[in-house]
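The following paragraphs lead through a structural model, beginning with the fold of one chain and ending with the relation between two copies. Please keep the model in view while reading.

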Number of protein chains: 2
Amino acid sequence: MTQITIKTPQMKKGSYKIEIGANTLNSVLAKIQADFPQKKLYIITDSAVAKAGHLKTLLAGTDVLSYVIDPSGEVSKNINTVISIIEDMETRSLGRDSVITALGGGTVGDIAGFAAAIFKRGIPVVQVPTTTVSQADSAIGGKTGVDSSMSKNAFGAFWYPAAVFIDVTTLMTLQENEYLSGLVESVKHALIADAKYLEFIEKNIDRLKACDLEILEQIAVYNCNIKGRIVEDDPTEKNLRRVLNYGHTIGHAVESASYFRLLHGQAVAIGMVGAAMMEIEMGIGTQERLKRIESILKKLSQPTRIPADLPKEKIIDLLRRDKKAVNKWPKFVLLEKEGKVYKQGDQFAVDVNQTVVEKVLDQLYKPV
Amino acid sequence: MTQITIKTPQMKKGSYKIEIGANTLNSVLAKIQADFPQKKLYIITDSAVAKAGHLKTLLAGTDVLSYVIDPSGEVSKNINTVISIIEDMETRSLGRDSVITALGGGTVGDIAGFAAAIFKRGIPVVQVPTTTVSQADSAIGGKTGVDSSMSKNAFGAFWYPAAVFIDVTTLMTLQENEYLSGLVESVKHALIADAKYLEFIEKNIDRLKACDLEILEQIAVYNCNIKGRIVEDDPTEKNLRRVLNYGHTIGHAVESASYFRLLHGQAVAIGMVGAAMMEIEMGIGTQERLKRIESILKKLSQPTRIPADLPKEKIIDLLRRDKKAVNKWPKFVLLEKEGKVYKQGDQFAVDVNQTVVEKVLDQLYKPV
């Protein structure tokens, strides 16, 4: 078991802890209740996580109230689910002296975190992530939200977890493609922040693919330290936090263009390859680095090229409408070297003109 | 024109300003645009405020986008209105570089402030209150929210205004009962924080009833200073801010029991009389203070007794379900003397047992 503390000046208590271990899920509720002795607990999860047995393990025989989002996945990530949760909490006489526990992947964490942010003007949420993406990324950092009919995360808030409990054992029940694609965020962390971590991933990639708990715990520690320090420095995404967007600008466009047929991590994998190509075009990258990134992603069974049936014009159009676009063109996060992000002045998201991006997109369509 | 600065450590810029004046509404948008030169403005108001001509005055001939909540009032204070606003903003291509201006009473301020809190994880809101209640109370302090089907402000957030502009001239278009009942919050501020302010109100009560702009400006300055300092000290209602609840515990119960036939201020007037009666029962109040409070409230045409048709059992039941109840019984804010709240230890909301409260309720049913 490893414990990491993340500073959050936005929270009254000033920090929150992340506990990382294996086979710890059945002791989590008791710890939460000990941390909040006067509070009533309420669990939010989804039908897939419940079906995998994790809700039962978390409950550990107690009768703590729970809400199961059904169906699971992005289709339920809307304000109606949040309304339904809040009305359920009120029906069960839960008030501002409640604590929400979010058990599940990024969607559950986003919905439950947002519900906590706005229930009675805000109650604590404890994040218990159960996927490779959420354990590496979304459970840490306080972003919450749901989609509107028009855009992703249109309703949202920055709402920091009161604590995060990571039990890597929960990853063993994931579908293989979900498990592997979620590891892309770990590769991203290594590339933007820690060359030694990148070597660790390369060295242990077979054990990682085999769901080795010891390696997964170490990966989680790396991820939480990297993401945690970044959000400590820039909680509301003014500059540094932009580095987390590495691979995500092209990634989001490809993901949307595929109508989410590509998993998030798969799209980000393509986006990271695109970033490496842009670096070469701009004279700050190397073929060697591109090959190295492609090699890791291939070992994780991730795509490194854009599927041929996604129209290039659509991807360019989506890039223009990127949430962070300024004057209808996004900025990009690129690497100076493995473990270090390239900066223009003090900016971590830099200008890459459309000609270069189009050239890179053309390369991304060519079969390897 | 008077300017007051309120410290808000929760906001990045650390403070916001309140500008108080008369006949200033037509210059407000220009000031907001000057404060946010790169941002797109969006006004949220309601049909009653628009009908009173204030939207036109605020627009001052510009084509700033606006959303008119219709119908006005509590009936629209729900999440569907917020969804409709956010979808409208998206339709008009407004993004995270937008600023919301809330023009109206407490309901508009609550809805617009909450929309700002959750649109794209939070954008600035400027409050332009147009009622006696909102100018004295709700526009200052950052509480926002909407009702669920089961309770008031079930969805909400603490979201501080980027600025507040108070034009007391807007009060002249209010219905008399709305105007007068809104002044109850001013009486409350005087009672909990400033005996001199109480004398000022008593001395100028006829000019106040006549909507004298000079007096209204002075009242607004008193109110903003009192409420502003309290929320500075306790932004998220851990203790001191509870003093603002003076008169509100019985008040909220009576308001709900009347199905909002009683206006908020009218219900709080009854609640303040109830508080004075509790003080007498507990040996910390005087008949003289009770009479003094009743006299001011009567001059403002406010009720001082519970309408006979509201069942006492219902009020007791509502007290048990009070949002701030602990073990199904609320605490109460009482006075030590005019201008000073009574404390138990370091607590501003104190224990009053049910027997005493029931006795006071019986007195509150007796005709004066």
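This is a predicted model: local features need pLDDT of at least 70, side-chain atom pairs count only at pLDDT 80 or more; totals for chains, interfaces and linings use all residues.

Helices (H or I, at least four residues) and strands (E, at least two) are DSSP runs, numbered from the N terminus. Residues are numbered from 1 along each chain as its sequence is written, and chains are lettered from A and ligands numbered from 1 in the order in which they are written.

The predictor's confidence in each residue is given as pLDDT, from 0 to 100; chain A averages 95, and 100% of its residues score at least 70. For the model, ipTM is 0.90 and pTM is 0.92.

The C-alpha trace of chain A spans about 60 × 40 × 40 Å along its principal axes. A compact globule of 368 residues would have a radius of gyration near 21 Å, and the 20 Å of chain A agrees with this; the radius is taken over C-alpha atoms, and the globule rule is 2.2 Å times the number of residues to the power 0.38. A residue is buried if 20 or more other C-beta atoms, placed from the backbone, lie within 10 Å of its own, and 50% of the residues of chain A count as buried.

Helix H5 of chain A covers residues 106-118. Because 13 of its 13 residues are buried, H5(A) is largely enclosed by the rest of the structure. From first C-alpha to last, H5(A) reaches 18 Å, close to the 18 Å expected at 1.5 Å a residue, where the expected span is 1.5 Å times one less than the number of residues. Lys120(A), which follows H5(A), has a positive phi, near 50 degrees.

Turning to the interface, 22 residues of chain B are in contact with 23 residues of chain A, contact meaning that C-beta atoms, placed from the backbone, lie within 7 Å. On the side of chain B that touches chain A, helices H4 (79-91) and H5 (106-118) and strands S7 (143-146) and S8 (155-158) each supply at least two residues. H4(B) gives the largest share, five residues.

How values were computed:
A residue is buried if 20 or more other C-beta atoms lie within 10 Å of its own, exposed if 12 or fewer, and partly exposed in between; C-beta atoms are placed from the backbone. Two residues are in contact if their C-beta atoms, placed from the backbone, lie within 7 Å.
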